[in-house]
Amino acid sequence: KKWKQLSRLQRSIILFLFAFLAVCGVISLTSMGEPWKSLTNKSLDEQRTESEVPGLKLANPAVLPAPQKADANIGDYPELSPQKQPKLPHVRRSPSNLQIKPPRRDVRLKTRHATSRVVEEPFQADKEEKMEKSVISWRGAVIEPDQNTEPPSSKIKEPEKPSSVEAEGQKEPVPINERQMAVIEAFRHAWKGYKDFAWGHDELKPLSKSYSEWFGLGLTLVDALDTMWILGLKEEFEEARKWVASDLVFDKNVDVNLFESTIRILGGLLSTYHLSGDSLFLEKAKDIGNRLMPAFKTPSKIPYSDVNIGRGTAHPPRWTSDSTVAEVTSIQLEFRELSRLTGDEKFQKAVDEVMKHVHMLSGKNDGLVPMFINTNSGQFTHLGVYTLGARADSYYEYLLKQWIQGGKKENELLEDYMRAIEGVKKHLLQRSQPKKLTFVGELAHGHFSAKMDHLVCFLPGTLALGAHNGLTTDHMKLAEALIETCYQMYAQVETGLSPEIVHFNLHAQKGHKDVEIKPADRHNLLRPETVESLFYMYRFTGDKKYQDWGWEILQNFNKYTRVPTGGYTSINNVQNPSNPEPRDKMESFFLGETLKYMFLLFSDDIDLINLDKYVFNTEAHPLPIWVPA
Ligand code: DMJ
């Protein structure tokens, strides 16, 4: 009514005022510009992370970006072209000073092994860090200045994301050689057996054409994923990926061993994620990682050996409340990487706490650790027995590898490693007769035993890796001596395959070799350790004899362990070439480790898993070095 009573002029003035105010409003909203826009453009993931982990910051931010989480497309997988034939491969052995970035989709189409890429500019933080350097030395080990910085905090800021820096320095694909082709053939034969008789189950029983179950999680398939990627087996990889997508389910009422499922499943998923860039594998890694966390809920924070991943409960073995030292100290590379990728610090915190605790613990003998640790008291148990073999082995391996993974900054890890190698030299090294082979024995309550597990043959490779990373050249000399011994553990045996355990002769006796084998120890489980060390030795020295030794071993695996209908089997008697007594089991590490290290050993391409950019976990799954050399 009132509006109608107004004159035309009055109405026009009011309308004009409204219009004017509306225009002013639009202009001021627009001028808020970028802040407004960027807030709404942030991914849900980023906003969630910020609210869940407020203010967390990686003290040493990783320069290696995590592969792209979206758009992962296994159709981009590099083509295998085994028929393309040989240009002479060239060897390049100088460590690169470049940083890595994950394969880009367009790049991967061009190269067969797109496992790493280089970018030029280091992060500013890294540059600044390098300006404040100091030197440390440890009993003769001189650590290069830029390797010594403050220990990193365990706090983690944000999940790693793809770098925006463009890839540079693409190289020509290196052709596959004949020996690598033989490894591919062996893998395909093993895979055929697994596919035909054990698909989706833990382990193949190649003779009975069936399978065995350990965790019921497709262990062989998951362990072999990154091997297929590295060998360029596109079809097999895609098929396995489909199984992971549809059938790998962790919500199961099943007890798994923390260590074994970490190194094989979590490690395998993480490395496959890095190599392929396919987010499926990261999602699965997060799932299993979370389900393993109840293991750390113990009075001492030293984890239990077993976890029920469906129920979220954990417990020690039935007969003891002890855990194995190697097991609780060889899950760190994987959990630390999971924290880096997810931005969730809880994984790293849990495993770092274990390392800090073990670092402080008494009961060591010149850096050598006992084999057991109690989950209630947190103390070592069964004191006085020291070995580099079963139950202690990978403790030593992971000291060095965590130090490398974290950019050579965590000095306690290095100290413990260097001290332990001194302990090995002081208490466990001896020479055999008649060939004077240097070997690593065991010490039990002051008594030396000339017993050496095949498992100890990881040590030459680890020593060589340390020397490559700036530790004393004495370690390289010891590595050279020990790898010769590990080779002799094969060469002096009738089948040319090593037994599980050997005893060395300390006194020369007519007609006796260096290596003696007890009846209970003469099985061979297709283990990787010697081939693993041969790979490191060849990478770092270029000495072809290491390739030749590995080639002999592969041929002997083919001769004595290959099952015609598919698969390879562990054997009971390496001393009987006419009947090695097949055990009817192919361990998952034969595909996860042994054949992978064989393939890498025969390669002259140092960028095929560049050791300045990746560190292998103890199950041969390559994980990125956070601050590559
Ligand atoms: C693998 O599971 C790992 O290499 C572990 O560190 C030791 N045992 C087997 C292989 O021998």
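Which residues are around the ligand? In this predicted model, the residues around the ligand are I263, R264, L455, R527, P528, E529, F589, E593, T618 and E619. Sorted by class, this shell has four nonpolar residues, one polar residue and five charged residues.

Some of these neighbours can be followed down to individual atoms. E619 places a polar side-chain atom 2.6 Å from an oxygen atom of the ligand. For T618, the distance from an N or O atom of its side chain to a ligand oxygen is 2.7 Å. R264 also takes part, with a side-chain N or O atom 3.5 Å from an oxygen atom of the ligand. On its own, the ligand has 290 Å² of accessible area, and the protein covers 91% of this. The space that the ligand takes is the largest pocket.

We can now turn to a sheet. Strands of a sheet pair through backbone hydrogen bonds, and the pairing can be parallel or antiparallel. Here, three strands form an open sheet with antiparallel pairing, and their order is β18-β19-β20. At the edges are β18 (451-453) and β20 (515-516), each of which pairs on one side only. Three bridges link β18 to strand β19 (residues 501-504) in the antiparallel sense. To find one such link in the structure, look for K451, whose bridge partner in β19 is H503.

Two spots in the backbone also deserve a look. As background, most peptide bonds are trans, and most residues other than glycine have a negative phi. Against that background, the bond joining Q433 and P434 is a cis peptide bond, with omega about 5°. P434 can be found in the loop between β14 (429-431) and β15 (438-440).

The other spot is K301, a residue other than glycine with a positive phi, near 75°. K301 is also in a loop, in this case between α11 (279-292) and β8 (306-308).

Conventions:
Residues are numbered from 1 along each chain as its sequence is written. This is a predicted model: local features need pLDDT of at least 70, side-chain atom pairs count only at pLDDT 80 or more; totals for chains, interfaces and linings use all residues. Side-chain values use heavy atoms; hydrogens and water are left out. A residue is near a molecule or strand if one of its heavy atoms lies within 4 Å of it. A polar contact is a pair of N or O atoms within 3.5 Å; within protein, one must be able to donate a hydrogen and the other to accept it, and residues adjacent in sequence count only if both atoms are side-chain atoms. Accessible areas come from the Shrake-Rupley method with a 1.4 Å probe; for residues, only the protein chains shown count as cover. On a 1 Å grid over the protein atoms alone, a cavity is a set of points where a 1.4 Å probe fits but cannot get out, and a pocket is an open set with protein on both sides within 12 Å along at least five of seven lines; lining residues have an atom within 4 Å of a point. A molecule sits in a cavity or pocket if more than half of its atoms lie within 2 Å of its grid points. Ala, Val, Leu, Ile, Met, Phe, Trp, Tyr, Cys and Pro count as nonpolar, Asp, Glu, Lys and Arg as charged, and the others, Gly among them, as polar. Two strands pair if DSSP finds at least two bridges between them. Helices (H or I, at least four residues) and strands (E, at least two) are DSSP runs, numbered from the N terminus.
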